[in-house]
Amino acid sequence: MCGFSGFIDKSSFLPTTEWPAMLGRMGEAIVHRGPDDSGVWLDVDAGIGLSHQRLSILDLSSQGHQPMLSVSGRYVIAFNGEIYNHLALRKELDFPPSSHIASSGGQRGVSWRGHSDTETLLAGFDAWGIQRTVERAIGMFAFAVWDRHTSTLTLGRDRLGEKPLYYGWQGRGNNAVFLFGSELKALRAHPAFEKNINRAALSLQLRHNYIPAPHSIYKGIAKLLPGSLLTVSLQQREPKVWAYWSGAKEAEVGSSNTFIGSADQAVDALEVLLKDAVRQQMEADVPLGAFLSGGVDSSTVVSLMQTQSSRPVKTFTIGFNEEGYNEAEHANAVARHLGTDHTELYVTAEQARAVIPLLPTLYDEPFSDSSQIPTFLVSQLARQHVAVALSGDAGDELFCGYNRYQMTANLWRKMAAVPMPLRKLAAGGLTSISPQSWNRLANALAGLIPRSFQLANVGDKLHKGAAVLSSQSVDALYLGLVSHWNDPASVVIGGNEPPTLLTGNMPTLNGLDDVQCMMALDMLTYLPDDILTKVDRAAMGVSLETRVPFLDHRVVEFAWSLPQSMKLCDSQTKWALRQVLYRYVPKALIERPKMGFGVPIDIWLRGPLREWAEELLSEARLKREGFFYPAPIRQKWAEHLSGKRNWQYHLWNVLMFQAWLEKNK
């Protein structure tokens, strides 16, 4: 895992004698992504410079140094990621199907210098071209490739968006510079960077708690969409972007060509596919382990790792003493059953809160999913023992795991039949009782409620559900469920919200039912822009590589081919995935209410974080900075402090922007 950055520049903005030092500073800004080695490559005549920071995972020798030149000399690459099938690609490159060279004694097709996957990619570019190579690759990646024959830069990003990539022209006319890199820190290090805040993107952050691609917090800077390639040059200054793989299309194809075997055959096929994905992702020349929460997804990944490992897999969990936020005891039980080398750390509230000042730097642009805090802590714990950690992310999106899917499948038609005035009355009744009171009532009645219907932190979920009782359609219901501020323009001064995949540019998703549409939209938006962003920045902040076996695109495509009845079955989520897991772990260790990976921000804001929050949310400060209308924010702050309502999500959105703004003035 690595980080890279660079620029295209034929202006007089920066003297060419300063290019090497400038590239070095851009790399140094993201040294946490690759502390093991660094390098720069530039061609002043062509106007291109590349900088690379290396975290050595495969081929620890100097043969893995980047930027790397292809054997032909045509391509120069700066690469971030892992190509899990690169050994298979090497065999294909050595002895292509059309070759008559015998596998023994013949001249190989490529003269390899080392055994890094970066070198494999470059050989593929020489043999097949960039897009055809990427289409063959199984992996997570972002890269910048300079074609020395055509003087063209190509940027690429993996299919599901595990690795980040920012780009954009800064400056005007002949003084414009094209900047690109793994994080905004690298772009900000260049003197051409303009730092103009994008208020439309800020509106999106208030709605979603993240800024969805292709938008970024800065004007003129975009994120490359997952599954996309981009070309740009001094002759073709307008970037050309196209998709080489489409999650929406794969969802349509899968749902229209469903798996036709029996349920047992489907589970067998899923197990084989997942086992192979895990096996490939266990390849590393450095110590490797896994995050383990004790839930379905991470337990499945760890089970498949342990069955293919000759020694106990290193697993990591953090715990909290706060009720409703601790999964460590469940993870410990799974670890004992599987025989892993398990490390757990119970984190105090003070330790967790100490992460908050780091967040604006870690996340580089406003990001307000509060589970960023425990994600950083478990990454920090793992990095003390390993350099690579596998995670169970994406199981919910692919196998129908979120509570909102279950609720929509079970309750939407019944809810839609209730007259709107009655629904609004019911919503008022739900929010008239504080989340804490709902939680106490749910705990008191736990023995009377079937286990499959029990929820963790039920009070927050009821308040969230109340906000969408007035939905006119499933699309509106979904938007309400994934929104915090429902009208960001009423909060952000000059913040007209641009259309996104959820608010105007929705893909067609032909043939998908209501729940499948939700799953597809989560895979296209929430997964890359929230979940994967959260994990990448937290882990890379401590120089830890994370890998996500569920995002092997073969697994993704197979998951979409499974009938919906094999995902949500008799009100049980992730049915097929659970059947794989139960072959390794007893059901009794797994069956429990779904719990998020979070911290009690609502309680902290009323207690130890109150002074910090009050300073960032003061009316005078909000007016002076000029990004927010103070009234709606101050109202929610007062209601939250009184305990009348739990506005932690709305307030955390604003607080994370305010903290980011303070850090990046």
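**Reading helix packing and a sheet**

Me: How do α19 and α20 lie to each other?

Reply: α19 and α20 are oblique to each other (under 35 degrees counts as roughly parallel, over 145 as roughly antiparallel, 65 to 115 as roughly perpendicular, the rest as oblique). This is a predicted model, where local features need pLDDT of at least 70 and side-chain atom pairs 80 or more, while totals for chains, interfaces and linings use all residues. Residues are numbered from 1 along each chain as its sequence is written, and side-chain values use heavy atoms, without hydrogens and water.

Me: What are the angle and axis distance for α19 and α20?

Reply: Two packed helices are described by the angle between their axes and the distance between the axes. Here helix α19 (residues 474-481) packs on helix α20 (residues 514-540) at about 40°, with the axes 11 Å apart. Axes are fitted to C-alpha atoms, for helices over the stretch in contact, and angles run from 0 to 180 degrees between N-to-C directions. Helices (H or I, at least four residues) and strands (E, at least two) are DSSP runs, numbered from the N terminus.

Me: Which residues make the contact?

Reply: V474, L477 and Y478 of α19 meet D514, M518, L521, D522 and T525 of α20 (heavy atoms within 4.5 Å).

Me: In what order do the five strands stand?

Reply: Strands of a sheet pair through backbone hydrogen bonds, either parallel or antiparallel. This open sheet is parallel, ordered β15-β14-β13-β16-β17; pairing takes at least two DSSP bridges. β15 (341-346) and β17 (545-547) are at the edges, so each has a single partner strand. The twist averages 30° from one strand to the next.

Me: Which strands does helix α10 touch?

Reply: Helix α10 (residues 328-338) touches β14 (314-319) and β15, and its direction makes about 170° with that of β15.
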